[in-house]
Amino acid sequence: MADLDKTFDPHTIEARWYPVWEERGYFAPNMNAPGNPFCVMLPPPNVTGRLHMGHALDDTLQDTLTRYHRMRGAPTLWQPGTDHAGIATQMLVERQVEGEGSSRHELGREAFVDRIWQWKEESGGHITTQMRRLGASVDWSRERFTMDEGLSKAVQKVFVDLHSRGLIYRGQRLVNWDPVLNTAISDLEVENQEVAGHMWHFKYPLEDGETYEYIERNDDGQVTRRETRDYISIATTRPETMLGDGAIAVHPDDARYTPLVGKRCEIPVGPKAQRRLIPIITDEYPDPEFGSGAVKITGAHDFNDYAVAQRNAIPMYRLMDSQATLRDDGVAYAEAAAQAATILATGDMPAAAEVDAINLVPDEYRGLARDEARRQIVAGIDAEGLMITVEDKTIMQPYGDRSGEVIEPMLTNQWFVDAKKLAEPAIKAVEDGRIRFIPGNWDKTYFEWMRNIQDWCISRQLWWGHRIPAWYDENGQVYVGQSAADVRATHGLGDDVTLTQDEDVLDTWFSSALWPFSTLGWPEQTDALKLFYPTNVLVTGFDIIFFWVARMIMMGLEFMDDVPFREVYIHGLVRDHEGAKMSKSKGNVLDPIDLIDGIDLESLVAKRTAGMMQPQKAKSVEKATRREFPDGIAPHGTDALRFTFAALASYGRDIRFDLGRVEGYRNFCNKLWNAARFTLMQVPDDFKPAADGDVELSTADRWIISRLQRAEADVAAHFDSYRFDLAANAIHDFVWHHFCDWYLELIKPVLSGQTSDAAKAGTRRTLIRVLETTLRLVHPLMPFITEEIWQRVAPLARGKALAESGESISLQPFPLSDAARIDPDAEAGIDWLKRVINGLRGIRGEMDIAPKQKIPVLVIGASDADRQQLAAHRAAIDFLAGVESIEEIAAADAPEAAVALVGDMQLHVPLAGLIDTDAELARLDKRLAKLDKDLNGVRHRLGSESFVAKAPAGVVDKARAQQGELEREQRDLSEQRARIAAL
């Protein structure tokens, strides 16, 4: 049996074991295994993606559950796959094509899509390679891709079926429009950022110069302002959208504007001869306390306005084209304004397409970019004296997360899912407990969104994705089917009818919504689908409850007539050590692979500042990085990183990622490794565990077995309840404190002393078996180090070699607690012993007694039970506390000594002769003088009002904590000096 290397080398171990696990098929489910099946779906990462900290956390928790249930003997599947990432992938390949001097339009749709498939085959597997580095035990033989043949068929079938059920329709609604990508995008692809902006206040003159008395009152009803006005005041951050105003809305309870309700006012933009009039209406939306309390309603370019326009049948006029420049199509402005005036006068609302054709952009503004149109419109209003004021204001601006361009709410024709109807059974599934959110508070978030859900825009103006299975004839009539041939057959269309397929593709979230059943083979009724659907748990972040979790529930219930998963475990976001969200723009991102392999400082700085356009920002990020990581990042290995994620994964809390925790758990790996090396040195290579009749178990043996049972029960309970943090803490506590710090020390006198062969045999058997069991307990969290050690330890624990074909700890039974092996007497005995040893060690430390110096111990007040324990554990006490003698004396005979208490029993250590009194007093005096100087410095700083008032709160708190620590040490050392001086 080869010994373990002297030093734990995670890189070598990880590189050795993952290929073995994958090649031998250890991750594939045993479909015939007994027990309830366990299945968890990997949230499919983008095929263009790189592993980030959120992925690493998510994958660690899922893998922990998967390995745990696999070891419990259940048929276990962690289903992997990647998402085709429509926008991201198309942008990436389009940039490559443009770099070659061409464009996707020059290539044409078919050739461009072929080019994307080529890129996917050559470069699309980077993130799955990184997942392997994390030890992810997904069944790679079942890996899916949202654009593979099987999933594409499932997507087509779902679209066609939903359309036939009246749950998918094509219509005109407001969407987030990216003017660079020229496509609708989802809310998740919009980043709202605070930017410096303006709030303009304009006068909208009342029709025919009409006037009214404008009155403001305070909370007591007293008039604070009264004036005659011939206008209504409107505030806006987007003057360019005034051209499309359809009404002015005021709150029905706002008495200031009661005289104006039902009247009309003039939009102060455009040629005077064709100034448009719009009605003043009431609606619940305006807030009387915000701005002037009157809101202009531009339904085609604002989501709140869109809702008001729908409620009040207000026409919605689109002002911009797909590039977000002001429209220059259609008839001249004078004619368009006349058409709008007719709609207002008659109250007859034309069809949406007719309204959309009306271009209300005055001729002089047509074709202008948004910003330039805004500038000219504001200047024109100001020139007429209709601008009241303009104020600087921080506003929330929506940007496309891929293009970086300001998003334009745009009224466009798209395909939509009737989400309201699908939401009803999905809400009920959570209400009646068929699906449980963990932590439970997340169901409130789910309900709030689902009960106010809007129809889901599922079309995207891209080339890469599932092309919408809809065809149009020459008259614009739409037909939905699996294929053009299917459409012709279903609708009796001959070859003389030309059919053109819809150019749009489906939102990537549409295919992802089918993930729990499409990946298992649906619509075919496969064995995997029958066994693993519904899946057990979904592990994900709260940010995609709406975009993915809710939609999977809706689709699962609609097509499988059952929920897609029984539980949803929501974890927090991984933030930096100061609690800030990690982002490339902030330059505070950590790469999980860098934490595993390490990275030098210069490479880390270059990585964090790459692509930053603002030199000052890059310089700031560089400075912060050099301050936080002066030596770069040392390699920690996968197991330490995984254990860190688990230990930090508390219910409902975001994770402040502290590199110090990773370093601490790297030390934990070293501790386990060294414990294994010590264990292997205590047994011969041909060791076979002795039979029960040939062994004698010490109290320490019985104690560690008992503590192991408790740890097994705790860890299993914590895994079952998704308390990964508590499971990690229970494992750490058992391995570090019970097994390594105490048991390994307690058995040294047994193995090296004058004990019986049966006692030695019992301890060796206990040692090797407890270590082997502990490795299985730890394995779900730290797979690599446990596999490496287990391969050496398992044959010794079994008394026979592993199978030649190979065995793995990952397929061994997870240890189950045996209540019959819990030994309260042994636990009480070792707890007593630990208090004795800690008490004596405390005296040695306080008195600075040399480690090799043996100490006498005088016992006062011992009970019969104490005497029995002293006798039973004498060898351990002598060995671990450096004791040369133990003598029981009367209290009256006690000399000057340091004292430790163990219950009512007193342990006295006479100090005379143990220490050099003069040298120890000199050492203490020197240290006390240094403490006095440091304390005066801290007190002086804290006594300064300027320091306390101006210094950052964290700096002041740190100084106060330092003062408390120095005062405590000063007090303890002063008491110690007094005791020694009395000798």
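Start by selecting glutamate 266 and arginine 275, which form a salt bridge (a side-chain nitrogen of Lys or Arg within 4 Å of a carboxyl oxygen of Asp or Glu). Their closest N and O atoms are 3.6 Å apart. Arginine 275 has a relative accessible area of 10%, so this residue is buried (under 20% relative accessible area, with exposed meaning over 50% and partly exposed in between; 1.4 Å probe, protein chains only).

Next, select Arg238, Glu240, Arg370, Arg374, Glu405 and Glu408 together: salt bridges with shared partners join them into one network.

The model is predicted, so local features need pLDDT of at least 70 and side-chain atom pairs count only at pLDDT 80 or more, while totals for chains, interfaces and linings use all residues. Residues are numbered from 1 along each chain as its sequence is written, and side-chain values use heavy atoms, leaving out hydrogens and water.

Move to arginine 144 and aspartate 148, whose side chains meet in a salt bridge at 2.9 Å, N to O. Are these two residues buried or exposed? Both arginine 144 and aspartate 148 are buried.

Now select aspartate 597 and arginine 133, a salt bridge with its closest N and O atoms 2.6 Å apart. This pair links distant parts of the chain, 464 residues apart: aspartate 597 is in helix α19 (residues 592-597) and arginine 133 in helix α6 (residues 126-133). Helices here are DSSP runs (H or I, at least four residues), numbered from the N terminus. Aspartate 597 is partly exposed at 33% relative accessible area, and arginine 133 is partly exposed at 24%.

Finally, show every salt bridge: a search of the whole structure finds 63.

Terms used: Helices (H or I, at least four residues) and strands (E, at least two) are DSSP runs, numbered from the N terminus.
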